[in-house]
Amino acid sequence: ISGLFNPMSFLTAVMQVTARDRGLALDYMTNRTSFLNTRDPGDLLSQPQSGVYIHGLFMEGAGWEEGKGDDEGHIAESKTKELHPEMPVANVFSVHVTQMDWTSMFHCPVFITAQRGPT
């Protein structure tokens, strides 16, 4: 995502493909992300069942705890002197808003730049 000039259009395209494939209205689609237990996209053997894999995301002010086996990892306390830990590969996929489940989810902004304020 960080290598894209306009990441919002990329994420909208993910929603469009899913909406067309399932015959749903784009206005009622939303993106969801699940994280794999690998940071190396070379470890992935195939395309995701739905959506796309992305990599290159970093955290600021927090850390990432790897999951065990098939369990997804989670946000954790930041480690000393680790200012921008790399996040694992993510699967971004779209679902209808009525299927979105916010249980155990953390609402957090994603910025395309480290600068804050008008960009």
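A90 has quite a few neighbours in this predicted model: A90 touches T33, S34, F35, L36, V52, Y53 and I54, where touching means heavy atoms within 4.5 Å and residues up to four places away in sequence are not counted. Local features here need pLDDT of at least 70, side-chain atom pairs count only at pLDDT 80 or more, and totals for chains, interfaces and linings use all residues. Numbering runs from 1 along each chain as its sequence is written, and side-chain values use heavy atoms, with hydrogens and water left out.

A90 also belongs to the largest nonpolar core, a set of eight residues that also includes F35, I54, M59, A62, W64, M87 and V92. Such a core is a set of buried Ala, Val, Leu, Ile, Met, Phe, Trp, Tyr and Cys residues joined through side-chain atoms within 4.5 Å. Buried means under 20% relative accessible area, exposed over 50%, and partly exposed in between, with a 1.4 Å probe and protein chains only. In soluble globular proteins, nonpolar side chains tend to be buried together.

Now for strand β5, residues 90-96. Strands (E, at least two residues) and helices (H or I, at least four) are DSSP runs, numbered from the N terminus. Seven of the seven residues of β5 are buried, so the strand is largely enclosed by the rest of the structure. A90, V92, S94 and H96 point one way, while N91, F93 and V95 point the other way. Strand β1 (residues 29-35) runs antiparallel to β5 and is joined to it by seven bridges; T33 has V92 as its bridge partner. Strand β2 (residues 52-54) is antiparallel to β5 too, with three bridges, and Y53 stands opposite N91. Two strands pair if DSSP finds at least two bridges between them.

Further along β5 sits S94, buried at a relative accessible area of 1%. The S94 side chain makes a polar contact of 2.7 Å with the side chain of N31, and it reaches the backbone nitrogen of M15 at 3.4 Å. A polar contact is a pair of N or O atoms within 3.5 Å; within protein, one must be able to donate a hydrogen and the other to accept it, and residues adjacent in sequence count only if both atoms are side-chain atoms. Beyond four places in sequence, the residues that S94 touches include V14, T18, R22, M29 and T30.

T18 lies in helix α1 (residues 7-22) and is buried, at 8% relative accessible area. Its contacts, again leaving out residues up to four places away in sequence, are M29 and S94.
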